[in-house]
Amino acid sequence: MSSPAAPDSAASDKARTGLWTSLQKHLTTIYAAETDYRAATRFTETFPFPASAATPQQLLDYQHQRAVLRDLFVDETSQLDTLVKAIRTKGYAEDDKKLLLLMLLGYFDLAETVFALLDTQRPSQLEPDEELDEARGRFERIRNFIRLNIRGIAGLLKGIQ
């Protein structure tokens, strides 16, 4: 007869399962936005593209899909920041926290491949976007924080010696 899992173990298992399910849903949303964004740029294979490469309707479609992907990036970055803070403050064992953060780091890498389209598949003339720039910086800081916490201070000190 097996004994029930320790409360900490059960909470960690529930957190991993919940995070896995949530990340899958978020990736589905991100990949759908990627498909729509790529469809809106089918009029060219050259990036950055001149506005003259597209009809007014194509530019309108592109601008709409860019706004959708941009807003998704800003929202995802904010949610990821909140999630990382929640993982840090929960009473999970350090190894469990690292596992959750490692799952998030994998998500960051996958999401970044889609969100990078905002920088690569764009028109040659683009208005400055402070909110997007702020989200980019925040996204990178969160990812660096996760990497630091996965590796840990002890791991960093070993690399210095």
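What share of the contacts in the protein chain with a separation of 6 or more comes from residues 24 or more positions apart? The answer is 80%, where contact means heavy atoms within 4.5 Å.

This is a predicted model, in which local features need pLDDT of at least 70, side-chain atom pairs count only at pLDDT 80 or more, and totals for chains, interfaces and linings use all residues. Residues are numbered from 1 along each chain as its sequence is written, and side-chain values use heavy atoms, with hydrogens and water left out.

**View 1. The protein chain has 5 helices and 0 strands.** Along the sequence the pattern reads α-α-α-α-α. Helices (H or I, at least four residues) and strands (E, at least two) are DSSP runs, numbered from the N terminus. Of the 161 residues, 35% are buried; buried means under 20% relative accessible area, exposed over 50%, and partly exposed in between (1.4 Å probe, protein chains only).

**View 2. The largest nonpolar core holds 38 residues.**

View 3. Beyond its neighbours within four places in sequence, Leu69 contacts Ala33, Tyr37, Val114, Phe115, Leu117 and Leu118.

**View 4. Arg38 sits in helix α1.** Its relative accessible area is 37%, so Arg38 counts as partly exposed. Leaving out residues up to four places away in sequence, Arg38 touches Leu117 and Gln121.

How values were computed:
A nonpolar core is a set of buried Ala, Val, Leu, Ile, Met, Phe, Trp, Tyr and Cys residues joined through side-chain atoms within 4.5 Å.
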